[in-house]
Amino acid sequence: MQESAGAATGSLTIIGLGPGTPEWLTPAAQAALDAASDLVGYGPYLDRVPAREGRVKHATDNRVEIERATHALRLAAEGRQVAVVSGGDPGVFAMAAAVFEALEAGEPGWRAIPITVEPGITAMLAAAARAGAPLGGDFCAISLSDNLKPWEVVTARLEAALAADFVICLYNPISKARPWQLGAALELAARHREGRTPVLFARAVGRPDENLRVLALSEAVAAAGTADMATLVIIGASGTRLIARGKERPYVYTPRSVTKSPWATSQGRT
Ligand code: SAH
């Protein structure tokens with residue numbers, strides 16, 4: 001009981017910083033940052049939060065999520081006001097799940113720590129907003145990283161999403177350690193969907209080096225190597241289309257109404 005009474009004086013907030021620009025940080029997330037005595041997170045995310053007298057930053061490597069989460073819980077149990085920061089939304093392929101995993105496996109007393117999750121604008125919503133309305137119909141999000149799951153799971157989910165005609169958002173499409181996965185995923189997509197299907201490569205959305213490209217699926221396969229870790233890829237569904245604007249990048253949108261069964265549009269093609 002002593003232990004949980006002590007723990008209750010600390011707190012833990014898992015904060016989404018949004019894609020990059022401060023305008024896309026929610027006022028609630030900003031208030032939670034302001035209230036924190038300790039910030040825990042991957043170095044580049046912590047760099048986005050201005051230093052403040054008396055506030056401690058605990059920077060960590062990107063691949064030690066559970067250790068970072070455990071460290072944050074320990075600090076909160078000691079009575080600190082801890083904020084764990086993530087890019088985008090903390091619940092989307094990010095720190096919130098790691099904190100709950102560490103909580104589940106950790107000391108029973110930690111369950112008395114008040115934990116709050118402050119949502120942020122996730123990359124797919126920021127990218128979609130820039131492009132038009134590609135997520136107007138049913139869509140899904142898949143992380144292409146096979147660091148935390150076998151590649152067979154990624155391809156099984158991709159196949160299912162392609163067959164069901166979802167718009168597909170690909171997070172973690174490529175990295176130096178995972179150079180071929182995006183090409184393989186787009187090749188798979190090309191076996192299910194028309195070559196002219198719109199594909200969006202949205203890089204560093206909301207940051208000064210933002211870059212958006214709209215390609216046809218047939219071109220995107222060959223362009224896979226031009227994506228990087230800061231890129232979100234959106235593969236259109238059969239209904240996704242472009243509105244041409246001359247020299248300007250076309251709008252990409254997916255109408256909300258669907259009349260054809262996915263089994264007629266995608267499975268029939270394989
Ligand atoms: N929690 C984050 C996602 C973390 S996974 C979120 O909600 O956005 C990291 C992946 O997110 C990157 O590899 C990239 O695919 C995508 N991503 C994150 N920020 C991005 C941005 N500003 N522009 C485009 N993609 C981004």
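Contact here means heavy atoms within 4.5 Å. The model is a predicted one: local features need pLDDT of at least 70, side-chain atom pairs count only at pLDDT 80 or more, and totals for chains, interfaces and linings use all residues. Residues are numbered from 1 along each chain as its sequence is written, and side-chain values use heavy atoms, with hydrogens and water left out.

Start with Gln181. Leaving aside neighbours within four places in sequence, Gln181 is in contact with Leu144, Asp146, Trp151 and Pro173. Gln181 lies in helix α8. Helices (H or I, at least four residues) and strands (E, at least two) are DSSP runs, numbered from the N terminus. Gln181 is buried, at a relative accessible area of 2%. Buried means under 20% relative accessible area, exposed means over 50%, and partly exposed is in between (1.4 Å probe, protein chains only). The Gln181 side chain also makes a polar contact of 3.2 Å with the side chain of Asp146. A polar contact is a pair of N or O atoms within 3.5 Å; within protein, one must be able to donate a hydrogen and the other to accept it, and residues adjacent in sequence count only if both atoms are side-chain atoms.

Move along to Thr197. Thr197 sits in the loop between α8 (181-192) and β9 (198-203). Thr197 is buried, with a relative accessible area of 7%. The Thr197 side chain reaches the backbone oxygen of Glu194 at 2.6 Å. Beyond neighbours within four places in sequence, Thr197 is in contact with Leu215, Ala216, Leu217, Gly236 and Ala237.

Now the cores. A nonpolar core is a set of buried Ala, Val, Leu, Ile, Met, Phe, Trp, Tyr and Cys residues joined through side-chain atoms within 4.5 Å. The largest nonpolar core has 26 residues, and those with the most contacts inside it are Leu158, Ile168, Leu170, Leu182, Leu186 and Phe201. At least two residues of this core come from each of β7 (139-143), α7 (151-163), β8 (167-171), α8, β9, α9 (217-223) and β11 (231-235). A second, separate core holds 18 residues, among them Val84, Ala96, Val99 and Ala102. In soluble globular proteins, nonpolar side chains tend to be buried together.

Ile14 is the next stop. Ile14 lies in strand β1. Ile14 is buried, with a relative accessible area of 0%. Not counting residues up to four places away in sequence, Ile14 touches Val84, Pro90, Met95, Ala96, Val99, Phe100, Ile115, Thr116, Val117 and Glu118. Ile14 and Gly41 are 27 residues apart along the chain, and their C-alpha atoms are separated by 9.9 Å.

Gly10 comes in the loop between α1 (2-7) and β1 (11-16). Gly10 is buried, with a relative accessible area of 2%. With residues up to four places away in sequence not counted, Gly10 touches Ala76, Gly79, Arg80, Gln81, Ile113 and Pro114. Ala76 is found in helix α4 (residues 65-77). Ala76 is buried, with a relative accessible area of 0%.

Val252 is found in strand β13 (residues 248-253). Val252 is buried, at a relative accessible area of 5%. Residues up to four places away in sequence aside, Val252 touches Ala131, Gly132, Ala133, Pro134, Pro198, Val214, Thr240, Arg241 and Leu242. The C-alpha atoms of Val252 and Ala72 are separated by 41 Å, and the two residues are 180 residues apart along the chain.

Next, two backbone angles. Asn172 has phi near 45°, a positive value in a residue other than glycine. Asn172 is placed in the loop between β8 and α8. Asn172 is partly exposed, with a relative accessible area of 32%. Ala204 has a positive phi of about 50°, although it is not a glycine. Ala204 is found in the loop between β9 and β10 (211-216). Ala204 is buried, with a relative accessible area of 2%.

Finish with a pocket. On a 1 Å grid over the protein atoms alone, a pocket is an open set of points where a 1.4 Å probe fits, with protein on both sides within 12 Å along at least five of seven lines; lining residues have an atom within 4 Å of a point. Grid points are joined across faces, edges and corners, and a volume is the space filled by probe spheres set on the points. The second largest pocket has a volume of about 380 Å³. Of the 20 residues that line this pocket, the closest to its centre are Asp165, Ser238, Gly239, Ser257 and Val258. The lining divides into 7 nonpolar, 8 polar and 5 charged residues. Ala, Val, Leu, Ile, Met, Phe, Trp, Tyr, Cys and Pro count as nonpolar, Asp, Glu, Lys and Arg as charged, and the others, Gly among them, as polar.
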